[in-house]
Amino acid sequence: QAQVVNLLQDLQQRLGIAYIFIAHDLAVVRHIASHVAVMYLGRIVEFADKATLFEAPRHPYTQALLAAIPVPEPGASPPGSLLQGDVPSPLNPPPGCHFHTRCPHARAVCAEREPPPERHDRGMLACHRWREIAVPAARPEPPSTPAQQRLARLQSAFVR
């Protein structure tokens, strides 16, 4: 998989082309993308440049996705909580914001009206309450253990 992603990036740089890359693997998205659109039940809920999205996610679904990324440290637990409830049917989504049935910040307006996409200084959001929701603290980098250093050297040998 890494060879294909690296080939795509090489072609992009050499030929000056753009890709729409659809993936569920956030590590690959972070590696390949310059801008990211997060979708929930077929609707874009957040769009931003890669750095903004991964460092300061504003939509509750984006925050939950990033909080669910495994921490590469034995015994460490993820800093965020996992979403509660089941994903609604995409064939019969709930009225209003499709995410309101699982959102910890939902209010009555969320169930009544679909949030319009709103531009902000670094992208776009579709959430009635995004201005009120705190941006989660960035995850601290795990300490660099000798095992992690050996793994990094091994990985870099395969990249060359």
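Predicted model: local features only at pLDDT ≥ 70, side-chain atom pairs only at ≥ 80, totals over all residues.
Is glutamate 118 buried, exposed or partly exposed, and what is its relative accessible area? Glutamate 118 is partly exposed, at 22% (buried means under 20% relative accessible area, exposed over 50%, partly exposed in between, with a 1.4 Å probe and protein chains only).

Residues are numbered from 1 along each chain as its sequence is written, and side-chain values use heavy atoms, without hydrogens and water.

**View 1. Salt bridge between glutamate 118 and arginine 131.** The N to O distance is 2.8 Å (a salt bridge is a side-chain nitrogen of Lys or Arg within 4 Å of a carboxyl oxygen of Asp or Glu). Arginine 131 is exposed, with a relative accessible area of 56%.

**View 2. Salt bridge between glutamate 114 and arginine 43.** The closest N and O atoms are 3.2 Å apart. Glutamate 114 is partly exposed at 45% relative accessibility, and arginine 43 is partly exposed at 29%.

**View 3. Salt bridge between glutamate 132 and arginine 129.** Their closest N and O atoms lie 2.6 Å apart. Glutamate 132 is exposed, at 55%, whereas arginine 129 is buried, at 12%.

View 4. The side chain of arginine 58 reaches the backbone oxygen of isoleucine 133 at 3.5 Å.

Conventions
Polar contact = N/O pair within 3.5 Å; in protein donor to acceptor, adjacent residues only side chain to side chain.
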